Amino acid sequence: MLILVTAPVWALAQKKVKNGIIYKEHPYIETMKKIAALYEKGDTAAMAKFFSDSASVYGMTRYDVDTSKVAQWSVPPPKTLSGAKQGWRQIFDTWEQIKMRPMGPPDGLEYSNARFTVQSWWLLTLTNKKTKKVAKVEMALFDIFNPDGKIAVQIGFYDPTSLLLAMK
């Protein structure tokens, strides 16, 4: 009797709702691979063509690490495409032998109620031109595409410790 009474409650608790489709192959995944190849070459102009003019880019490295309480708990504003290009140029001016290798297969996420997103994981390896020290950075990128097929938002997560150490 107890099973008959609790079965409907248990069934409702296990409800499954789809939120979209996950792709292992998709043109936007290929876009991310192209951007990685262009990053290795230091081609900011070609990279920028994959971004919308109004793109927001989060997570660009800042070398002046501010450890104050305010900086620890606040989210920095996004960079514009122009700001992102300046950040890329700074990297290319400071670093050489840049390699981006996938750490796992990227996923294309076609959400039911949000824009298409590609999440990708990379091992970024680069050598500081001044110190000749190598930095290795594990990085996750989340790129949200607009209806025109351009990146509208890019969010990057990584630990900058290796970069900072290689600069000393």
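Here is a chat about helices, salt bridges and ring pairs in a predicted model.

Student: What should I know before reading the numbers, and what pLDDT do local features need?
Tutor: Residues are numbered from 1 along each chain as its sequence is written, and side-chain values use heavy atoms, leaving out hydrogens and water. Since this is a predicted model, totals for chains, interfaces and linings use all residues, side-chain atom pairs count only at pLDDT 80 or more, and local features need pLDDT of at least 70.

Student: How many helices and strands are there in the protein chain?
Tutor: Helices (H or I, at least four residues) and strands (E, at least two) are DSSP runs, numbered from the N terminus. Read from that end, the elements go α-β-α-α-β-α-α-β-β-β-β-β-α. That makes six helices and seven strands.

Student: Which residues in α2 are buried?
Tutor: We go by relative accessible area with a 1.4 Å probe, protein chains only: buried is under 20%, exposed is over 50%, and partly exposed is in between. Across the 168 residues of the protein chain, 35% count as buried. In α2, the buried ones are Tyr28, Ile29, Thr31, Met32, Ile35, Ala36, Leu38 and Tyr39.

Student: Lys33 and Glu30 meet in a salt bridge; what is the N to O distance?
Tutor: A salt bridge here is a side-chain nitrogen of Lys or Arg within 4 Å of a carboxyl oxygen of Asp or Glu. Lys33 and Glu30 sit three residues apart in helix α2, so about one helical turn separates them. Lys33 is partly exposed at 42%, and Glu30 is partly exposed too, at 35%. Their N to O distance is 3.4 Å.

Student: Which residue does Arg101 meet in a salt bridge?
Tutor: The bridge spans 2.6 Å from N to O, between Arg101 and Glu40. Arg101 lies in strand β3 and Glu40 in helix α2, so the pair ties together parts that are 61 residues apart in sequence.

Student: Is Lys132 buried or exposed?
Tutor: Lys132 pairs with Glu96 in a salt bridge of 3.1 Å, N to O. Lys132 is in the loop between β5 and β6, while Glu96 is in strand β3, 36 residues apart. Glu96 is partly exposed at 25%. Lys132, at 52%, is exposed.

Student: How do the rings of Tyr28 and Phe116 pair, stacked or edge-to-face?
Tutor: Rings of Phe, Tyr and Trp (its six-membered ring) pair if their centres lie within 6.5 Å; planes under 30 degrees apart are stacked, over 60 edge-to-face, and the rest tilted. By this rule there are six aromatic pairs. The rings of Tyr28 and Phe116 have centres 5.3 Å apart and planes at 75 degrees, so the pair is edge-to-face.

Student: How many residues apart in sequence are the parts tied together by Tyr39 and Phe92?
Tutor: Both Tyr39 and Phe92 are buried. The ring centres of Tyr39 and Phe92 are 5.1 Å apart and their planes are at 65 degrees, so this pair is edge-to-face. Tyr39 lies in helix α2 and Phe92 in helix α5, so the parts tied together are 53 residues apart.
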